[in-house]
Amino acid sequence: MDKFGIGQPVRRKEDVRLLTGRGTYTDDIGRPGQAHAYVLRSPHAHARIRSIDTVEALSAPGVVTVLTGLDAAKDGIGHFPVMVEVPGKGGTRLFSTPREILQTGKVRFVGDPVALVVAETRALAQDAAELIEVEYEILPSVTDTAGALDPDAPLLWEENGSNLCVLWDSGREAEAEAGLAAAARTVSVELVNNRLVGNPMEPRVALGEYDAATGQYTLHSPTQGVMRVQDGLARLILKVPKEKLRVVSPDVGGGFGLRGKIHPESGMVLWAARRTGRPVKWTSDRSETFLCDPHGRDHVTRARMGFDAEGRITGVTIRTFAAMGAYLQDFGPRVPTVAGGRIMGTVYDIQALNAQVSCVFTNTSPTDAYRGAGRPEQAYVLERLLDLGAAELGIGREEIRRRNYIRPEQIPYVNVVGNAIDSGLFAETQARALALADWSGFPARRAEARAQGKRRGIGLGYFIEASGGQPSEWARVRFERDGTVSVTVGTFSHGQGHETAYAQVLHEKLGVDFDKVRLVQGDTDVVEKGNGTGGSRSSQMGGVAISRAAELVVAKGRRLAAHLLEAAVDDVEFERGVFRVAGTDLRVGWDRVYQLAQTPPEGETPGLDEQLLYTRNTECNFPNGCHVAEVEIDEETGQVSLVRYAAVDDVGNVINPMLVHGQSHGGIMSGIGQALLEHAVYDRESGQFLSASFQDYCMPRASDAPDFALGFHVVPCPNNDLGVKGAGEGGSCGAPPAIVSAVCDALGVGHIDMPVTPEKVWRVLEGRVAA
């Protein structure tokens with residue numbers, strides 16, 4: 001078996017460079033004459049700006065300039081828009097917030113940008129910012145998601161007349177209510193999907209340059225794909241042709257959905273570079289990451305589920321308040337509505353389901369896509385309801401799911417919102433996960449824990465994703481003079497291992513050495529098209545585009561080989577880098593074909609260099625999986641320990657199992673963080689951010705997890721050449737419901753909200769003792 005081909009656990013080739021300190025991140029880049037920027041931010045959650053006095057700051061040592069929103073307006077700098085439209089119930093439209101690059105009239109969350117100081121060093125810029133005098137009229141604020149629409153809630157946008165951005169309705173409300181009315185049993189739950197901070201290891205950085213002679217801008221910044229950032233900043237903020245802005249992303253230390261946005265600070269450094277005639281660099285500190293990066297989740301949900309006498313689901317209603325924050329970020333309102341809504345009903349045969357989402361404004365940092373982007377929230381609600389339904393009906397939690405899974409003969413299954421689930425064997429995947437977790441052996445482990453004074457619980461969660469993102473992707477495959485093969489693609493690797501996986505695809509398709517494949521990405525001067533990386537789209541979009549471009553190279557190679565071998569093209573076979581005439585020992589390799597390609601025969605263009613734009617015929621595909629968690633609880637302290645974890649995921653065909661397991665580990669750890677540890681908390685009175693540092697916001701560490709027992713259930717996707725499905729976000733979807741299910745099992749309660757902190761558990765235990 002070929003150790004470097006598709007399906008092999010090849011070690012990541014990029015790790016040698018990154019782990020030996022040879023990576024290049026944006027903060028490693030400096031330019032001659034570079035100045036440094038510091039952003040003055042609002043200390044208030046909600047206030048009117050009465051005046052901004054920058055005179056003293058302008059005369060401070062080392063200061064180059066101080067800019068405000070009034071300067072931006074004079075220079076024609078555009079507003080930061082929402083990039084999506086979400087249809088409202090009854091034909092209403094969302095309220096699109098006009099977000100300035102620097103606020104001039106009002107601030108709406110702690111951290112809202114007010115002024116930009118450019119100085120010779122970052123420290124001098126920060127010192128000067130303290131000299132800016134801003135007169136604020138402090139206003140009441142609202143940070144409670146569930147209370148944003150209360151009659152007495154202060155309005156963030158008076159011109160909207162409400163804190164409601166849009167009310168989205170998935171449809172079938174009458175059918176869902178009828179299903180609940182006809183149910184033999186019903187259950188209900190009120191739950192919270194806690195607000196999270198993405199916290200990539202590398203904070204945001206932006207380095208802007210401007211060439212006055214050509215009118216050309218250049219931005220170096222970590223992204224999840226340069227093309228969309230180029231388009232948005234050029235067209236909407238700078239208001240120049242996109243060809244006038246080059247965007248470069250070098251190595252990137254984590255993305256999680258947050259990197260794919262158009263951030264105000266990226267616009268600021270480009271504008272400041274034009275204003276000052278110097279390169280301008282801004283580097284976020286960790287406090288700014290907490291305060292100002294887009295956050296994830298922050299939903300409050302009430303849901304009901306009905307069952308017939310045999311435990312089959314008859315109807316579901318879901319009512320959610322989803323916080324947008326103070327402004328609509330690029331995709332903010334799409335995440336809890338259309339994006340999450342694509343997998344309504346998840347893996348269960350439910351047609352009578354209605355969800356309504358009230359997207360609401362709050363005096364908090366904007367929310368947007370964070371690992372899973374709407375799908376973890378969908379799975380969590382249904383999985384909690386199914387656990388409650390199992391208790392109500394007196395059947396096992398695994399059994400109630402088995403009775404409701406979409407059956408193999410129903411696939412392709414058109415779900416309640418019209419998406420066709422094209423593959424999946426859900427009952428079988430659950431069976432494999434339960435076997436891997438030794439579900440049947442749990443009673444003995446529970447008894448052993450009880451003997452040691454601990455409460456032990458087991459839980460499961462099933463999820464399905466709609467992965468894929470944008471439906472097209474571009475790739476180029478080219479043989480180079482030095483014997484390497486370069487692959488240029490519009491996706492972007494920020495930790496996933498694309499250099500390795502894509503090299504495996506080309507090794508398989510072209511027969512070239514794995515080590516001779518070179519990935520080119522992240523520069524709008526060389527990436528002609530592309531939609532970046534998000535929604536677990538890289539293998540199914542970039543991988544397929546690369547595979548098809550490689551096939552074009554092989555087709556040209558066969559034509560050239562036929563010329564060299566004096567044979568008909570149809571008689572030339574290709575295998576493992578060798579062209580041969582069928583039935584003979586006549587053969588040539590890529591080296592001779594490449595030589596001929598430099599001065600090709602008539603009718604052929606020079607070189608071995610092919611590109612294409614791949615567009616798929618489906619909106620998305622559907623990775624899925626069953627996760628099983630086991631916890632122990634210390635009754636004295638309420639401390640929850642995750643002691644066992646097993647998962648079986650269906651990600652279709654697997655290009656590299658080691659990479660996919662690494663993605664699973666990362667996703668599960670983020671799910672553990674949401675379930676047990678992480679919570680972005682604002683003070684309800686002042687609107688201050690109470691968890692804006694690692695002293696107050698608890699990230700998961702290696703010690704918070706056991707070894708993971710992971711398996712694959714390979715059900716190939718029928719709708720792409722490689723048969724692959726997304727693989728990066730499943731853990732974020734599967735871990736929260738599995739862990740909360742296990743905690744509830746250990747405590748003997750119906751529900752407990754995330755994050756399941758020791759204090760919450762201790763209060764449940766104390767309440768039971770008191771009762």
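Rings of Phe, Tyr and Trp count as a pair if their centres lie within 6.5 Å. I keep that cut-off at hand for the first entry. I also note that this is a predicted model.

**Entry: aromatic residues**

I looked for an aromatic cluster and found Phe95, Phe109, Trp157, Tyr327 and Phe361 forming one. I then searched the whole structure for aromatic pairs, and the search gave 17.

I took up Phe95 and Phe361 next. Their ring centres are 6.1 Å apart and their planes stand at 85 degrees, so I log the pair as edge-to-face. Where do the two residues lie? Phe95 is in the loop between helix 3 (69–74) and strand 4 (106–107), and Phe361 is in strand 17 (residues 353–361). The pair therefore ties together parts that are 266 residues apart in sequence. I checked burial as well: Phe95 and Phe361 are both buried.

I turned to Tyr682 and Phe689. Here the ring centres are 4.6 Å apart. The planes of Tyr682 and Phe689 are at 20 degrees, and planes under 30 degrees apart count as stacked, so this pair is stacked. Is Tyr682 buried or exposed? Tyr682 has a relative accessible area of 9%, which makes it buried. Phe689 is buried too, with a relative accessible area of 9%.

**Entry: helix 17 and helix 18**

I looked up how helix 17 (residues 657–677) packs on helix 18 (residues 730–747). The angle is about 40 degrees and the axes are 7 Å apart. The two helices are therefore oblique to each other. Helix 17 passes helix 18 in a right-handed crossing.

Which residues make the contact? From helix 17 I list Gly667, Ile668, Ser670, Gly671, Ile672, Gln674, Ala675 and Leu676. From helix 18 I list Gly731, Ser732, Ala735, Pro736 and Ile739. I sorted the contact residues of helix 17 and helix 18 by class: seven are nonpolar, six are polar and none is charged.

**Entry: helix 14 and helix 15**

Helix 14 (residues 498–510) and helix 15 (residues 538–565) pack at about 35 degrees. Their axes are 10 Å apart. The crossing of helix 14 and helix 15 is right-handed.

On the helix 14 side I note His498, Tyr502, Val505, Leu506, Lys509 and Leu510. They meet Ser538, Gly542, Gly543, Ile546, Ser547, Ala550, Glu551, Val553 and Val554 of helix 15. How many residues of each class are in the contact of helix 14 with helix 15? I have eight nonpolar, five polar and two charged.

**Entry: Leu560**

I stayed on helix 15, where Leu560 is found. Relative accessibility of Leu560 is 0%, so I log this residue as buried. What does Leu560 touch, leaving aside neighbours within four places in sequence? I found contacts with Val593, Leu596, Ala597, Pro601, Glu604 and Leu608. I also looked up Arg592, which is 32 residues from Leu560 along the chain. The C-alpha atoms of Leu560 and Arg592 are separated by 9.3 Å.

**Entry: Ala184**

Last, I looked up a loop residue. Ala184 sits in the loop between helix 5 (173–181) and strand 8 (185–193). Not counting residues up to four places away in sequence, Ala184 touches Phe307, Asp308 and Ala309. I compared positions with Glu310, 126 residues from Ala184 along the chain. The C-alpha atoms of Ala184 and Glu310 are 9.0 Å apart.

Methods. Residues are numbered from 1 along each chain as its sequence is written. This is a predicted model: local features need pLDDT of at least 70, side-chain atom pairs count only at pLDDT 80 or more; totals for chains, interfaces and linings use all residues. Side-chain values use heavy atoms; hydrogens and water are left out. Axes are lines fitted to C-alpha atoms, for helices over the stretch in contact, and angles run from 0 to 180 degrees between N-to-C directions. Helices (H or I, at least four residues) and strands (E, at least two) are DSSP runs, numbered from the N terminus. Angles under 35 degrees count as roughly parallel, over 145 as roughly antiparallel, 65 to 115 as roughly perpendicular and the rest as oblique. A crossing is left-handed if the near helix is turned anticlockwise from the far one by less than a right angle, and right-handed if clockwise. Contact means heavy atoms within 4.5 Å. Ala, Val, Leu, Ile, Met, Phe, Trp, Tyr, Cys and Pro count as nonpolar, Asp, Glu, Lys and Arg as charged, and the others, Gly among them, as polar. Rings of Phe, Tyr and Trp (its six-membered ring) pair if their centres lie within 6.5 Å; planes under 30 degrees apart count as stacked, over 60 as edge-to-face and the rest as tilted. Buried means under 20% relative accessible area, exposed over 50%, partly exposed in between (1.4 Å probe, protein chains only).
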